[in-house]
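The sequence and structure come next.

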Amino acid sequence: MSSRTKRMKKTSWGARERAGMSFLIVIAFFAVFGLIILTEVLMIDDRGRAGSIIVRHGSNGGRFGESVPDYDDVKDDYLDDTGIFVRETKYGGAAVKNILKNQKDLKNSIGISVLTDSAEPRNPPVVPWGQMLPSKIEQTLPRFPADMKPTDGSWEIVNGTRYKFFVFSAFYDRRDGKLVRVIGATKTRGPEKVWCRFWYQTGVNSTKYRSASVMARVKIIRENWNLKYSACFILCPIRGPYPEIPHAVSVVSKIRAAPGNVLMLRNTDNDPDFTNRTFSNIPNSIGVCVKPLHFNYDQALYLLEFLELNNLLGVSHFTFYNHTIGPKASCVLQHYVNGDLPQHIVPYEDASPAKARNSSTVDTTDASYHMPTKYNEDNTAQLKPKITVNILPWNLRMRSQKEIRTEGLFASLNDCLYRSMYRYSHVALIDLDEFIIPHHNDTLIDLITWLSKRINNRNTGAYSFQNAFFYLQFADDEHMYTASDRQAHLRAALTTQRKTRRRSKLHPQKQRSKYICKPEAVIEAGNHFVWEFCPGRGSLNVPADAAILHHYRVCEFGGDDCIKTPSVVDRTAHRYSNRLLDRVGTVYNYLKDVCSLPDVPRAPTKPPPTRKKELKIRIPLKPENDKKTAETTKPHPNGISNGAITQQSATVPIEVILKTR
């Protein structure tokens with residue numbers, strides 16, 4: 001056999017061997033992959049049964065497995081007395097009574113293990129979510145804490161938990177059944193089990209309360225960046241024996257422990273102005289929700305611009321959450337809260353000295369603002385529309401961006417959503433540096449009405465607007481340097497009038513977008529879009545030619561590279577210039593001395609010079625060749641040789657400055 005034939009047989013055998021090995025590797029890969037999938041399916045199935053059918057509760061919540069939030073089943077949030085507890089039919093009201101009866105003589109009965117702070121039993125009793133405690137057991141629980149006053153809109157602690165657990169506010173949700181929804185913040189993964197204790201007044205203006213307790217469900221609010229803590233809902237269905245709406249609610253981790261919080265239940269059914277309101281009969285009105293103000297925010301003039309421009313756009317109410325706010329901005333907001341503002345709008349003039357009222361008297365001899373009667377002599381005064389402002393403290397004891405995202409802003413957004421429900425037909429969830437500006441309409445209500453005539457929005461629960469960046473690094477509008485009107489200084493100081501260049505490309509929907517929603521149609525609000533609607537509701541993407549979101553901010557990634565992006569000039573906000581300047585100027589002069597506001601800076605008369613970068617290079621001069629050196633050593637007319645001087649100067653470095661744009 002020739003050597004060539006031997007090589008061919010050897011090569012053929014090697015190829016078959018490699019093919020066989022490859023086949024075995026493929027089979028092994030699929031076997032391992034299949035095993036992983038099977039394991040995951042079994043683990044998910046076990047967790048689903050443990051988390052959705054029953055809730056085990058011991059002295060240390062969260063020890064018996066994670067409570068996996070079910071975001072897809074909207075009906076789970078709305079429960080009544082007619083048996084929507086489909087998954088818990090075999091754990092009904094009789095189940096708890098049977099457990100109590102069977103375990104009555106045991107050392108680790110429910111009276112010791114679940115209802116006391118002692119060590120947890122080996123086999124803790126099964127307590128379904130939403131199950132009320134029997135009245136006999138309820139009578140043995142701690143009474144209403146007489147030394148605690150019910151709160152609304154402040155962070156309170158839940159005692160006895162292993163991890164941080166706070167609650168902020170409580171709302172009665174009557175959209176589908178009877179449900180108490182508490183806004184809180186707790187551990188993102190595996191939140192601890194808690195109870196809701198309802199407090200009922202025994203009489204009108206009575207200080208005595210009876211109670212009813214129910215196992216609650218903790219539902220984590222999405223968009224938490226996988227941080228340790230997150231905003232959450234605590235869902236507490238109202239069932240017998242007291243089906244009426246409670247006066248207050250406490251969230252407790254150990255049912256036998258004294259409550260560490262008492263939240264006033266916000267209930268529109270008890271308010272005659274809002275009772276029986278639905279989508280169809282709420283007057284057209286818009287509220288604005290602003291996320292927590294932080295970093296010692298103290299830009300009083302911009303705050304006035306935000307309030308007054310949004311009021312021109314049809315907004316009548318603002319809800320702020322005060323994390324850290326400076327004294328000037330705080331003073332301005334407090335005057336809006338108290339309604340201590342001028343009743344009429346006076347035309348603003350830069351030339352007039354800025355004087356405000358002094359206590360209860362007004363010096364009309366030297367003040368740019370004076371309280372008119374119905375109209376001024378020139379018939380220019382207008383009645384100022386009323387703006388209502390609500391400020392809630394925001395002292396959440398969690399580290400922002402390390403433990404919870406951005407001061408727990410999703411708790412504030414959803415608190416404002418439910419706080420506005422049945423009071424305003426629409427709510428805009430925007431930041432202080434954002435304005436929703438319509439292109440064909442004067443106000444946002446006009447825009448929504450205009451859209452309804454062109455698009456079938458019967459099922460619309462929210463209107464989403466694309467984001468446009470008006471970078472503050474862009475050059476100011478050229479009109480700021482040529483204007484010679486009486487309001488030139490104030491106009492140049494207002495961001496929406498000064499910054500008119502924006503990035504050409506808009507962000508797609510759900511990326512940096514903001515929205516206006518109907519509160520009754522939303523279950524869970526997000527920052528840029530609605531996470532969860534009521535059944536049958538959805539979001540409408542507003543065309544960019546109808547309205548966009550004006551977002552005034554610095555480059556989002558730092559530096560100044562953002563100004564290199566393609567841009568266009570957009571002066572849509574200038575449609576409100578005259579009315580905005582008069583309103584801001586009137587209020588600013590009115591509050592200038594009271595709030596220690598600075599003078600409005602003077603407008604620039606010419607654009608700032610283009611910044612130039614200077615590149616400095618030090619170039620040493622090398623000694624020249626002998627011929628040139630000889631030439632430099634020629635006798636001086638006065639007989640003095642300058643050779644030494646020339647050689648000295650030849651070694652001195654010369655600095656060259658190159659200027660580039």
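## Terms and model

A cavity is a set of points, on a 1 Å grid over the protein atoms alone, where a 1.4 Å probe fits but cannot get out; its lining residues have an atom within 4 Å of a point. Grid points are joined across faces, edges and corners, and a volume is the space filled by probe spheres set on the points.

This is a predicted model, in which local features need pLDDT of at least 70, side-chain atom pairs count only at pLDDT 80 or more, and totals for chains, interfaces and linings use all residues. Residues are numbered from 1 along each chain as its sequence is written, and side-chain values use heavy atoms, with hydrogens and water left out.

## The largest cavity

There are two cavities of 30 Å³ or more. The largest holds about 100 Å³ of space. Its lining includes Phe 171, Tyr 172, Asp 173, Arg 266 and Tyr 418. β4 (166-173) and α6 (409-420) are the elements that each give two or more residues to this lining; helices (H or I, at least four residues) and strands (E, at least two) are DSSP runs, numbered from the N terminus.

## The second largest cavity

The second largest cavity holds about 60 Å³. Among the residues lining this cavity are Ile 221, Tyr 229, Ser 230, Ala 231 and Phe 410. Strand β9 (residues 229-237) gives the most to the lining, with three residues.

This cavity lies between domain 1 (131-266) and domain 2 (286-350 + 383-591), because both give residues to its lining. The domain bounds come from an automatic or database domain assignment.

Definitions and conventions: On a 1 Å grid over the protein atoms alone, a cavity is a set of points where a 1.4 Å probe fits but cannot get out, and a pocket is an open set with protein on both sides within 12 Å along at least five of seven lines; lining residues have an atom within 4 Å of a point.
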